[in-house]
Amino acid sequence: MQVVSAYYPISLDEIHTKISRKNHRKGRYKKLNFQYALFNNNLPENIKEIINDFGEKVVQVDGEIPPDSPVKDNDRFLFISYDQSIWTHGLHKYPAKFFPELPRWLIKRYSKENDMILDPFSGSGTTNIEALLNRRHSVGIDVDPFSRFLSKIKTNPLKPEELLTTKKILIESVIKYHPQKVSVSDIPAFPYRDNWFKKEIIDELAYLKKTINNLDASDDVKHFYQICLSSIIRSVSNADDNCTRTVIRKKLNKIVEPADALKRFTETILVNVPKTIEFSKICPVDITATFPENMDARNIDYPENHFDLAVTSPPYANAVDYPRTHQLEIYWLGIANGSLTPIKRKHIGTESVSVDNYKTLHHINIPEADKVISKIYEKDERRAFIAYKFLQDMELNLRECYRVLKNDGRYILVVGNNKIRGELFENWKYIMLLAEKVGFKIEKYFASEIIRHFIKVPREERINTDWIVVLKK
Ligand SMILES: C[S@@+](CC[C@H](N)C(=O)[O-])C[C@H]1O[C@@H](n2cnc3c(N)ncnc32)[C@H](O)[C@@H]1O
């Protein structure tokens, strides 16, 4: 018989103390109480001009970005975000996620109520949540099944009473946990499962999964708790919590103890049920957010002149491997149980390319980009093809967005640069040149210096620059 030891039952008091300690820490970074009060330099109270470490003038915006704030080409902004975990925004980590103030600002600035908004690379649905709460219909396209599952849950209002009753039942079940309540058939099979997780954690996750599935509740509510469960999986696995790839690093010395999955899940639902209730109360019922299955940003199955505005942050070449980021979550959710290659192949920027393709050097016919692709080719033929293929795919996406946008409609892309085999790959510049090729006019471009979360980069590079490119049909 298994030794249950001092780990179970978990202490609810301990979890409540942890949550209030975290809330206390957050409370110290209070948002400025601004709202358009003007200083003598005519800037709203939450906006000031500063000089960054490189001697450049930067406009620092603390919190909400005023929709009509003046923007000139090449302006640099530093946006300080406070809303990353309000409502359903913070339900799950997602690499290169928008901070909500950014799509909110762009949506308010460039569209009106009841308009139709598109995010062709919708990721965790940040654009769609903001469109919804600002009374705009939206469509989010993403080839990744995990992304669509997550986005649907985050944009779906739930009944507060049902959430509160089920939360109580789940917590009672967690307190009653015993490893003997888990049978082999409750545990999903997937590659290297017993390397990724400790035995006790596998049992706890299987118990939580079974308890959620057995709830006497609507599918929507069960899906919400499945995402809560998914959100703790990386932290209780043996993999590094802060890396976009799912990897075990021996040096990290990560400690996961029995009962950690039960504790973290309880903490997560205690925090997220109230936030989701808050979201559900303000969520309009007559506005739609749709995430079509089997759609691709290169082949948008909507008619011409359908959308008023598109806002997105596309993937990059050779950067985040999204299916690999969420592989443990995908396995536990039952979205896949074996090879991730079929999902990976659909991704723009994917590393899953075949040898036949990269034997020769390809040109995109944008001299600035072709020069860099040739340099990469000298070092690494495969990566040169990945870079070329990325731009070719982005051209297809730009064509599709041009087609589905109404005349005068805008396509706004938030794009950073990246390095491929040591060569600077200026995505935003190449995308602007491709956009002109497909017929867009470049209305504006400006920079946002952002503090990246989740993606692990050396300290001195923590502040990156994203370019915001406003294209007009
Ligand atoms: C930078 S993320 C978007 C993050 C999003 N802005 C957010 O706030 O969560 C880029 C997304 O593009 C998706 N993607 C990659 N290739 C795609 C394709 N061919 N069609 C649609 N989506 C794709 C990836 O799955 C990923 O979710």
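Which residues of α13 are buried? Keep that in mind while you get set up. This is a predicted model, where local features need pLDDT of at least 70 and side-chain atom pairs count only at pLDDT 80 or more, while totals for chains, interfaces and linings use all residues. Residues are numbered from 1 along each chain as its sequence is written.

**Stop 1: helix α13**

Select residues 367-379, which make up α13. Helices (H or I, at least four residues) and strands (E, at least two) are DSSP runs, numbered from the N terminus. Now for the opening question: pick A369, I373, I376 and Y377, the buried residues of this helix. Buried means that 20 or more other C-beta atoms lie within 10 Å of a residue's own; exposed means 12 or fewer, and partly exposed is in between, with C-beta atoms placed from the backbone. Look down the axis of α13: its buried residues fall within an arc of 105°, so they line one face of the helix. That arc is taken from the directions from the helix axis to the C-beta atoms. An α-helix has 3.6 residues a turn, so residues three or four places apart point the same way.

Next, colour P367, E368, K371, E378 and K379, exposed residues on the face turned away from the buried side of α13. To see what covers the buried residues, show α14 (381-404), β9 (418-420), β10 (423-425) and α15 (427-438), which are among the elements there.

**Stop 2: the ligand**

Zoom to the ligand, which has 23 residues around it, with F121, G123, S124, T126 and A297 the closest. To count as near, a residue needs its C-beta atom, placed from the backbone, within 6 Å of the molecule.

**Stop 3**

Strands pair if DSSP finds at least two bridges between them. Click M116 and you'll find H137 of β5 opposite.

**Stop 4**

Go to Y8 and P9, joined by a cis peptide bond with omega about -5°. P9 sits in the segment before α1 (12-27).

Then try A96, a non-glycine residue with a positive phi near 55°, in the loop between β3 (76-80) and α2 (101-110). A96 counts as buried because it has 22 C-beta neighbours inside 10 Å.

Finish at R135, not a glycine either, with a positive phi of about 60°. R135 has 14 C-beta neighbours inside 10 Å, so it counts as partly exposed.

Key. The expected span of a helix is 1.5 Å times one less than its number of residues. Two residues are in contact if their C-beta atoms, placed from the backbone, lie within 7 Å.
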